Amino acid sequence: QVQLVESGGGLVQAGGSLRLSCAGSGRTPIAWFRQAPGKEREFVAAISWILGNTIYATAVKGRSTISRDRAKSTIDLQVNSLKPEDTGIYYCASKSNFQLSMAREDYVYWGQGTQVTVSL
């Protein structure tokens, strides 16, 4: 069974950077989602483990990078120029097939999340 574990969250000052990692993924695409208090979970980025293709949400496009770390067998999310709006619990999720997707309902395995708080 797929078990995903996120790490790398913490308190970051606005304008700073953060690198999150997702361990335990298989060969199907992995996505990062985030959920702010009182808001719905939203897509952040996704990557195909096998092909390396990536997609990004508009909110983070241009200042984030999702990548494969083959040495550590993790999927990492680097976010630069962090804003208070980036605050939330960040989850990684895994699909059951090999098609990249932004849709929450397409992901069947979820980690427990890692908290990211961006302060002014």
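Which side chain meets that of E42 in a salt bridge? The exercises below treat this and related points.

This is a predicted model, in which local features need pLDDT of at least 70 and side-chain atom pairs count only at pLDDT 80 or more, while totals for chains, interfaces and linings use all residues. Residues are numbered from 1 along each chain as its sequence is written, and side-chain values use heavy atoms, with hydrogens and water left out.

**Exercise 1. Identify the salt-bridge partner of E42 and describe the network to which the pair belongs.**

Step 1. The side chain of E42 meets that of R34 at 2.7 Å, N to O. A salt bridge here is a side-chain nitrogen of Lys or Arg within 4 Å of a carboxyl oxygen of Asp or Glu.

Step 2. E42 is partly exposed at 32% relative accessibility, whereas R34 is buried at 6%. Buried means under 20% relative accessible area, exposed over 50%, and partly exposed in between (1.4 Å probe, protein chains only).

Step 3. R63 forms a salt bridge with D86, with 2.8 Å between the closest N and O atoms. This pair links distant parts of the chain, 23 residues apart: R63 is in the loop between β6 (54-56) and β7 (64-69), and D86 is in the loop between β8 and β9. Strands are DSSP runs (E, at least two residues), numbered from the N terminus. Both R63 and D86 are buried.

Step 4. Through salt bridges that share partners, R34, E42, R63 and D86 form one network.

**Exercise 2. Locate the salt bridge between R19 and D76 in the fold.**

Step 1. The structure holds four salt bridges; in one of them the side chains of R19 and D76 meet at 3.3 Å, N to O.

Step 2. Because R19 lies in strand β3 and D76 in strand β8 (residues 74-79), the pair ties together parts that are 57 residues apart in sequence.

Step 3. R19 is partly exposed, with a relative accessible area of 42%, but D76 is buried at 2%.

**Exercise 3. Describe the surroundings of P29.**

Step 1. P29 is in the loop between β3 (18-23) and β4, and counts as buried at 1% relative accessibility.

Step 2. Beyond residues up to four places away in sequence, P29 touches several others, including I47, S94, F98 and Y107. Contact means heavy atoms within 4.5 Å.

Step 3. P29 and C92 are 63 residues apart in sequence, and their C-alpha atoms are 10 Å apart in space.

**Exercise 4. Classify the residues that line the largest cavity.**

Step 1. L18, L20, V79, L82, Y90 and V116 form the lining.

Step 2. The lining has six nonpolar residues, no polar and no charged. Ala, Val, Leu, Ile, Met, Phe, Trp, Tyr, Cys and Pro count as nonpolar, Asp, Glu, Lys and Arg as charged, and the others, Gly among them, as polar.

Methods
On a 1 Å grid over the protein atoms alone, a cavity is a set of points where a 1.4 Å probe fits but cannot get out, and a pocket is an open set with protein on both sides within 12 Å along at least five of seven lines; lining residues have an atom within 4 Å of a point. Helices (H or I, at least four residues) and strands (E, at least two) are DSSP runs, numbered from the N terminus.
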